[in-house]
Each structure stands twice: as structure tokens, then as C-alpha cells.
Amino acid sequence: MEAQGEEEEKEDAEEDAEDTAASLLASDRLNLDLYPGGCDLLLHLLQDPGSPLRHIQFLRLNCNEEQVGAALAVLPSLRSLRSLVLRGGHHRDDRGSCLRGSLTTLPLCLRDLGHLVHLDLSFNSLRVLPACVPQMTSLDALLLSHNLLERLPEALGALRALTFLSASSNCLQELPLGMATLTALQRLDLSENRLEAVPEEIGALSSLTELNLASNHLRSLPDSLASLQSLRLLLLPSNLLVSIPPGLACLPLLTRLDLRDNRLRAVPREIREAPFVRLQGNPLGVPEPLPAAPPGEDPAPKVRRVLLASDADSFTVTARGCSVALACGVRMLFPPGATSAPTTVHYQQLPPEPRLVWLGPHDALLSAVLELQPHGTPFRQEVRLWLPFVPPRAWHGYQVVVRTLSGHTWKDLETHLEEKEKPKRLWASCRVPHFSWFLVVSRPVEDSCFVPREGALLCSSGDPGIKVIFPAGVTTEPRHVRMQVVRVSGWALGADSEAAVSPLLCLSQDSPQDFLCPVTVQLPLPPGLTGLSLDRTHLHLLHGDPQVLAWDDITAHVALELTHLYARFQVTHFSWYWLWYTTKSCVEGLARKVYNRLRLYRVNFIALQRRRDPEQVLLQCLPGKKVEPTLKRLQPRYRGPEPSDTVELFEGEQFFAAFERGIDIDAGSQRTSFRLPAPVPDDVLARQEGEPKPQISRTFHSPGSQAQEMHAASWFSAWHDRPDCVAGRIAFVFYSRLKNMKEIYVTSTVDRKTQAVKGQVSFYRGAVPEAVPEEAVQRRKGPDALWLATLPIKLPRLPQGEGQGPLDGLTLASLNLGDPESGFLTQSNLLTVASRLGPDWQSVALHLGLSYPEVQRIQYLYRDDLDGQIRHMLFSWAERQAGQPGSVQQLLEALERSDRQDVAEEIQAILELGRNKYQASIRRVGLASEEEPAGATA
């Protein structure tokens with residue numbers, strides 16, 4: 001009975017096994033890798049010679065099982081087997097990592113699997129490739145990843161049918177030369193190994209389309225890689241590469257070249273500018289580190305740090321290098337060896353003006369202009385430069401670059417952006433070989449590539465659907481081509497709500513010759529349209545001439561090929577192209593109007609007067625969306641009329657502000673500030689060439705040398721200079737991302753003791769950028785074509801006792817407050833300060849050290865004369881400070897602590913100008929003394 005029971009249990013087990021096999025067998029596939037005891041089950045099922053499992057084509061086993069070796073021995077009986085997966089990694093350790101399978105080799109009998117085309121041995125413990133594998137000549141795919149392989153045999157070259165080989169995450173240190181015979185290989189993955197070199201023979205893999213060599217120890221690449229004409233994907237990140245073959249950029253089908261996180265310090269231009277190249281994480285442009293010091297010697301010291309104050313304009317660079325930080329936020333790094341001899345670098349930050357700023361049709365200025373001298377002097381190593389800038393209006397579709405004047409042409413440098421959180425600040429970083437003028441601009445993203453004779457593909461990085469296809473034979477010599485894509489905002493279409501347009505495509509090249517054969521251009525159809533739904537009679541392809549900005553409908557001259565989402569056409573020369581869908585007939589004229597709107601900015605003007613001092617007027621031009629928050633921020637200190645109506649200006653367009661109806665600019669005591677993202681020297685510090693020097697109508701006598709008298713006269717003369725005043729009007733240049741703001745003091749010829757003055761300030765157009773066409777400039781017809789807006793300005797009636805001359809009734813001793821190093825303040829300068837203090841004089845007096853009873857006494861003595869109170873306080877303090885050092889600095893601190901930064905800045909401008917003119921006068925006196933004897937001798 002017991003024997004009979006055991007036999008029944010055996011039969012039941014066999015039936016269960018057959019049922020299990022039937023459930024695991026899906027058509028001709030048997031998956032036993034996830035089934036516990038799968039290898040035992042396979043051995044049991046194959047005991048029957050007539051088992052249907054002998055005809056399976058796909059088999060998966062778990063190599064973490066103990067019976068895997070026995071199961072492999074019976075596999076040759078599976079004559080129809082085409083795919084064999086013997087993977088480990090099905091079990092994990094306590095930390096969750098995959099455990100390798102126990103497979104260390106394969107039985108030689110597996111070479112009899114004549115139909116096997118797919119073999120997966122991943123996640124095992126193979127140290128040597130089993131000898132049977134090179135004899136499986138029908139293999140199409142071989143996967144050996146995550147093993148312990150240290151080398152591959154030369155016999156691997158016998159697998160002539162192999163198209164996919166993966167040996168990633170092993171310990172390979174070299175590759176067999178026999179791999180050169182794998183001419184059918186299309187995909188090769190050798191990532192995460194220990195390869196130190198790639199043999200030249202790899203260039204024989206003519207069918208290779210994907211090559212992954214990431215995370216190895218490669219220091220260089222063979223030039224034969226440029227022979228892989230079928231290559232589309234080349235991955236080389238996380239290696240030790242210090243150079244790459246320039247010929248890689250000429251591979252006609254290459255769509256991605258990943259060179260991230262290597263040691264590349266210099267990259268060929270054709271590689272650097274290719275749109276499919278990834279170079280992040282490389283020390284591009286960083287000089288080689290200094291060699292280690294010999295034993296017993298100190299290593300080379302770090303470069304010194306130089307922090308320059310706002311009044312400095314030069315510094316010296318030695319062969320040891322230095323790191324320089326300017327007060328305006330600009331930073332520079334001179335590496336050791338950048339100069340062979342000490343070099344004095346002069347710098348200045350200039351307000352932007354058309355002669356110093358070159359902008360393309362869709363560019364925007366983001367910074368002031370930095371001038372570094374000496375111009376054109378080359379450095380032995382590239383200098384690193386950081387320029388602060390304001391963020392652009394839009395990031396998507398635009399890029400920020402540093403632009404410089406190189407020779408007689410403007411050039412955009414390779415730029416990296418850096419951000420500082422606290423305080424919030426942006427820098428544009430670049431490397432410069434020599435000094436010139438530098439500025440930061442925002443431009444549409446530019447994609448570029450070199451086009452060899454074999455052809456190329458150029459895609460837009462912002463919209464991959466926009467592409468240009470260059471066929472083979474398109475040119476005899478390689479050309480550099482560029483692409484820019486400009487998005488069209490909805491407001492630019494204006495009232496034509498039925499029209500729809502594609503992005504504007506700008507194509508250019510560095511050769512004046514047309515292409516030898518047509519180039520295919522692909523553009524997306526206008527939004528909301530598909531190739532199946534649109535009416536082709538309403539679809540227009542426009543060609544733009546960048547010289548005159550005229551648009552021509554060329555739909556009838558090209559063959560438009562439409563797909564579901566794109567339109568394709570062929571051209572032989574480059575220009576601007578635009579797809580329009582509209583029912584209107586005059587599409588060229590409509591396109592010109594829309595294109596002009598793309599370049600215009602909608603702005604408003606404001607004119608505000610300081611509450612404490614109505615003679616101080618703030619003029620600003622700003623975008624409409626910023627008007628309300630700006631007025632809210634200025635309301636506690638300023639008041640004025642409502643903003644002007646919306647007007648339109650071009651980037652870089654000039655306009656003027658003119659005071660009218662009894663109000664004039666107070667040129668004798670004017671302070672002007674053009675607000676930029678970083679501190680900029682006051683406009684009053686510069687003089688336009690050819691501007692006549694004002695005459696001094698009053699003579700001041702003060703103790704001191706003749707040079708000091710000349711110095712004081714020069715100060716008062718320069719204070720009348722108005723570089724931004726043209727024919728009595730204040731000149732502006734509009735830049736959309738900068739604060740177009742100036743604070744101006746005004747006066748009136750009307751007697752304000754009897755009445756208030758109700759005047760106005762009007763804004764007028766000036767010169768426009770040269771790139772703007774004439775028809776875009778003409779806004780209006782008639783005599784008011786240049787008028788923009790008018791805002792009222794009111795100067796209140798003066799209180800009783802005001803309006804008399806600044807010196808009437810007051811006797812002042814001659815004085816020069818200060819010293820030659822910090823600069824002097826004359827009587828005229830102090831009178832200017834006194835005229836600006838107003839009711840704040842008591843706070844200033846207390847911060848200057850006057851006692852409260854003394855302030856009360858001055859207030860009582862001049863109780864009906866505010867100006868008398870201010871002048872008596874200021875000059876009595878100045879007389880006590882005569883001859884004492886630090887008095888000027890004390891006055892500046894008192895003004896700042898009294899919240900009169902505007903007057904403090906005015907004094908600083910006076911001091912700076914005085915120091916410069918004093919030094920110039922000393923040099924002139926020195927030259928005259930040397931020339932007089934020569935003249936006498938003659």
C-alpha cells in the first residue's frame with residue numbers, strides 16, 4: 001500500500017509539473033527565471049524524448065540556482081532554440097544590491113546550438129569568455145554586462161553576424177584587435193570598464209551606429225573614429241580625455257556627441273560649435289595647473305586678491321597673476337603666466353550709447369559697457385571675466401552672451417552664466433585673449449554647425465522640429481552655417497486675428513557662394529493647423545531680405561511639401577523665412593508691419609518731483625507693466641502727474657526730454673544719474689569732444705598755491721558741463737532691460753516770489769538704430785512726427801524771504817574744505833549743497849556734531865529765512881574744520897545718515913572731478929616749465 005501511495009504521489013507530481021510547464025510556456029517561449037526551482041523543472045520535463053518543450057525558441061533561466069550547471073548540459077537537445085537568457089541578479093543582499101549569478105563558464109556542448117542568435121549572460125561571475133561563445137557563429141546579439149571579464153578573446157572576431165555587443169560594467173583594460181572583423185556590428189556598449197585606450201582598428205567597424213565608452217580611463221581617442229560614417233551616437237562622458245579628434249564634427253549622421261565630465265581644456269571650434277555636442281563639466285579654457293614644486297621648495301603661491309574702491313581706475317598685473325574685484329561688480333582672474341612683465345590695466349564702466357553698443361535686430365542690452373585697456377594686447381593665457389547683468393525679458397528661446405569688439409567687428413564669446421542667491425545677482429562669465437570693450441546682450445538662441453562635402457543636419461535646440469538638411473555634395477569646401485528662431489507673440493499680429501504664423505527662421509553662413517544643390521528646410525505649420533485641414537491657397541512662404549527688411553511671397557517659386565505638422569521646401573541660399581496662413585491678399589505688407597512690431601517695446605514716461613525739493617525732477621521711461629509698482633515704490637518720496645500714454649520705441653533708440661513753459665534745466669548745479677545694474681560713473685564726469693568750455697563769471701580767492709586756485713576754478717567750470725544735454729534737451733538712449741532714469745534739477749526765469757510756475761516736460765524722438773528700416777521709423781505724418789508725450793511740472797511759489805541771491809546778506813571767509821588727497825570743496829560747492837538740504841538741515845547739523853542748543857539758536861536767529869539757517873550752519877561748521885583732515889568724509893557720512901544720499905553722491909562727483917582736474921593741471925604746469933627753456937634757447 002505504501003509503494004502504491006508513493007507511485008501515485010509521483011504521478012501527481014509529474015502531472016503538476018506538466019501543468020506548471022503548460023502555464024509557463026507561452027507559445028514558443030519558456031520563462032523559468034522567476035519560477036522557484038526552474039532549473040529542476042526543466043531537467044524533469046526534458047526527460048521525455050517526445051516532450052513538446054524540445055521545440056521552444058526562447059528560454060530564460062535563473063543562474064542563481066544550484067542546478068543551473070546540470071540544466072545547461074541538456075540544452076543542446078533544444079535544436080530550435082534562438083534566444084537564451086542566463087541572467088543572474090534575481091536575488092539581492094541586505095543592502096538591496098543585486099547578487100551575481102553562480103555562472104563562471106558554459107559547457108562546450110552549447111556550441112551545437114546552431115540557431116541561437118541571442119545570448120544574454122549578464123549579472124554573472126564570468127572572468128573569461130566561455131570558449132563555446134566565439135563558436136556560435138549565428139549570434140546576432142551578445143550581452144555580457146555586469147560580469148568580471150578582464151579581457152575579450154581575439155576569437156570574438158569570428159562572430160561575423162553580430163550586430164549588438166554589450167560588455168558594460170566589467171573590468172576590461174584593453175580590446176582585442178580581432179574586433180575589427182565585426183563589420184556587421186551596429187551597437188557597441190563598453191561603458192563602466194577600465195579601458196585606457198581604444199585601438200585604431202575600431203575604425204573598421206563600418207556599420208557601427210552607437211558607441212558607448214562612458215566611465216572608462218580614456219585619455220585620448222584614435223583618429224580612426226572619424227571613419228565611422230554610420231555613427232549616430234557617441235558617448236564618452238566621465239573619462240580622462242584631454243583631446244579629441246576634430247574630424248568627429250564631420251561625421252554626417254552624428255546626432256549626439258557626449259563629452260561631459262572629462263579634462264578637455266581646449267576643443268576644436270568645429271566641435272565646440274556643433275549643436276549635438278555636450279561639453280558640461282570640462283575645464284574649458286582653464287590653464288594647466290602649475291607643476292609640483294621640487295622637494296625642498298615651496299609650492300607656487302596662490303594668486304593675490306585685489307579689491308578696488310570706486311575711485312580707482314587701474315591696477316597692475318604681474319607674472320604671478322591676480323584676482324581682481326571692481327566696485328561695480330565686475331570680476332577678473334589673471335592666471336599665473338598671463339603676462340611676462342608687469343602690466344597696468346586701465347578700466348572704466350561707461351553708460352551705453354550707440355557708438356559703444358552693437359545690437360542685432362532681436363537683441364537686447366543687459367549691462368553697461370566695460371572698457372579694458374590696453375586694447376588688443378594679447379595675453380599668454382586667457383583671462384577670465386565676469387560681468388554683472390540684469391535678467392532678460394524672456395529666457396526661453398534666448399541666450400545671454402558677452403559681446404566684444406575684436407578688431408573692427410563685434411564678436412560673441414562663449415559664455416557661462418553664474419548666479420548668486422544672497423544678494424540676488426547674475427554674472428556672465430567668459431574668457432578673453434585680449435582687452436577691448438565688453439557688454440552683455442540677450443539674443444535668440446543660435447545653433448550652428450560645419451557643413452562638409454558629405455552633408456550634415458542642423459536642428460534647432462529650442463524646437464527640434466525646425467531643421468535644415470544638407471545633402472552630400474552641397475559644397476566643395478566646409479562652411480559654417482548658423483540658425484536663429486524668433487517666436488512671434490500674439491500682440492504683434494495686431495487686428496488681424498485670422499492670421500497665423502510660424503516662428504521666424506533666420507539662416508546665415510560664412511560663405512558668399514550659393515549651395516551647389518538644394519538644401520531642405522523644415523518649418524512647423526502655423527499654430528492650430530495641420531497638413532490635412534488647411535487650405536493651401538491661404539498658405540504663404542515669405543522670404544526676407546536682411547539688408548532692407550522687405551518680405552516677398554515666394555510660394556509660387558518653391559515646392560511646398562506638407563506633412564501632418566510640418567512644411568518642407570528647398571533653397572540654394574540662406575536668408576529669413578516665414579510661413580503665413582491668412583485670407584488677406586497683400587501678405588507682404590502685413591508681414592512688414594508685424595515684423596516691425598516684433599522689434600518695438602511699449603513704454604510709458606513718468607515725471608515726478610521730490611516732495612522735499614520740488615526742483616529735483618525724476619524722469620523715467622519704463623515698460624507699461626512696471627509703471628504701477630514703480631510709482632508705488634517712489635510715492636513716499638516723490639509726487640507727480642499720471643504716466644503718459646503708451647508709446648513704442650526700438651531697442652537703442654534715442655529720445656529727448658525738454659522742459660518748457662518757463663522751466664529750464666539748472667545747469668549750474670545739476671546732478672544726473674543714469675541708473676544701471678551696476679554702479680556707473682556720473683555723466684557729469686565725462687565731457688563730449690568738441691563741446692565748448694563754459695566761461696566762469698565769478699572769481700573766487702582762497703588761500704593756497706596757484707595750483708589750488710586753478711583747481712577750484714576748474715571744479716566750478718566742470719560743474720556746468722552737461723554731456724547729456726543737447727541744445728537744451730536731456731538726451732536718453734532707450735534700452736528695454738536697463739533703467740532709463742535721470743534725476744534733474746530745474747529752475748525758472750519767472751519770479752516765483754509772486755506766483756507758482758506751471759510748466760511741462762515733453763519727450764521727443766531722436767536717432768534710431770541703423771538696422772531699423774526707414775518705413776519702420778515713420779510713425780506719424782505732420783509737424784508733430786517726433787513728439788512722444790507731454791507731462792506737467794509745477795514749481796511752487798517761494799515762501800517769503802526766499803529767492804534772494806545765495807550770498808546776499810551773508811559774509812563768508814574764503815575757504816577750501818578738505819585736502820589734496822581727498823579733494824577740496826569750495827564756497828560755490830558748499831552753496832550748492834546748502835541749496836539742496838531744505839528742512840533736512842537740522843538732522844545733518846546734529847550728525848556733523850553741532851549741539852541741539854546750537855541748532856536751536858541758529859533756527860531762532862534766522863527764524864524767517866530757511867536758506868539763512870542752512871548757510872549759517874554749514875559755513876560756521878566749515879570754518880571750524882578748516883585745516884583739519886577728514887572733514888569732507890565727515891560731511892559725507894552726515895548726509896548719508898540723514899538719508900540725503902543724493903547730495904552725498906553729488907559731493908562725491910565733485911571730489912572725483914576735482915582730483916582728476918587737479919592732477920591734469922599739475923601735469924600741464926610741469927610740461928610748461930620744461931618747454932620754456934627750450935623756447936628761450938630757440
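Arg 272 is partly exposed, at 34% relative accessibility, where buried means under 20% relative accessible area, exposed over 50% and partly exposed in between (1.4 Å probe, protein chains only). Arg 272 forms a salt bridge with Glu 414, with the closest N and O atoms 3.4 Å apart; a salt bridge is a side-chain nitrogen of Lys or Arg within 4 Å of a carboxyl oxygen of Asp or Glu. The model is predicted, so local features need pLDDT of at least 70 and side-chain atom pairs count only at pLDDT 80 or more, while totals for chains, interfaces and linings use all residues. Residues are numbered from 1 along each chain as its sequence is written, and side-chain values use heavy atoms, with hydrogens and water left out.

**Salt bridges**

- The count comes to 16 salt bridges.
- Glu 414 lies in the loop between strand E22 (409–413) and strand E23 (416–420), and Arg 272 lies in helix H4 (residues 269–272), so this pair ties together parts that are 142 residues apart in sequence. Helices (H or I, at least four residues) and strands (E, at least two) are DSSP runs, numbered from the N terminus.
- Glu 414 is partly exposed, with a relative accessible area of 37%.
- Arg 487 and Asp 463 meet through their side chains in a salt bridge (3.6 Å, N to O). Arg 487 is in the loop between strand E29 (479–486) and strand E30 (500–501), and Asp 463 is in the loop between E27 and strand E28 (467–470), so the pair ties together parts that are 24 residues apart in sequence.
- Within this pair, Arg 487 is partly exposed, with a relative accessible area of 38%, whereas Asp 463 counts as buried at 15% relative accessibility.
- A salt bridge also joins the side chains of Arg 752 and Glu 615 (2.8 Å, N to O). This pair links distant parts of the chain, 137 residues apart: Arg 752 belongs to the loop between strand E46 (740–748) and strand E47 (757–765), and Glu 615 to the loop between strand E38 (600–610) and strand E39 (616–623).
- Arg 752 is buried, with a relative accessible area of 9%.
- A network of salt bridges links Asp 363, Arg 403, Asp 412 and Arg 443.

**An open sheet**

- Five strands form an open sheet in the order E27-E28-E32-E36-E35, with antiparallel pairing. Two strands pair if DSSP finds at least two bridges between them.
- The edge strands are E27 (456–459) and E35 (561–562), each of which pairs on one side only.
- E27 pairs with E28 in the antiparallel sense over 4 bridges, and the bridge partner of Ala 456 in E28 is Phe 470.
- The covered face of E27 holds Ala 456 and Leu 458, and its uncovered face holds Leu 457 and Cys 459.
- Leu 562 has Ala 567 as its bridge partner in E36.

**His 543 and its surroundings**

- His 543 is part of strand E33 (residues 539–545) and counts as buried at 16% relative accessibility.
- The side chain of His 543 makes a polar contact with the side chain of Ser 575 (3.4 Å). A polar contact is a pair of N or O atoms within 3.5 Å; within protein, one must be able to donate a hydrogen and the other to accept it, and residues adjacent in sequence count only if both atoms are side-chain atoms.
- Not counting residues up to four places away in sequence, His 543 touches Ala 550, Trp 551, Asp 552, Ile 554, His 573, Ser 575, Trp 576 and Tyr 577, where contact means heavy atoms within 4.5 Å.

**Ser 367**

- Ser 367 is located in the loop between strand E18 (364–365) and strand E19 (369–373), and at 3% relative accessibility it counts as buried.
- The side chain of Ser 367 reaches the backbone nitrogen of Val 440 at 2.9 Å.

**Helix H5**

- Helix H5 (residues 587–598) has 12 residues, which should span 16 Å at 1.5 Å a residue, and its end C-alpha atoms are 16 Å apart, in agreement. The expected span is 1.5 Å times one less than the number of residues.
- The buried residues of H5 are Val 587, Gly 589, Leu 590, Ala 591, Val 594, Tyr 595, Asn 596 and Leu 598.

**Cysteines**

- The count comes to 0 disulfides, a disulfide being a pair of cysteine sulfur atoms within 2.5 Å.
- For Cys 449, the closest cysteine sulfur is in Cys 459, 9.1 Å away, too far for a bond. Cys 449 counts as buried at 5% relative accessibility.
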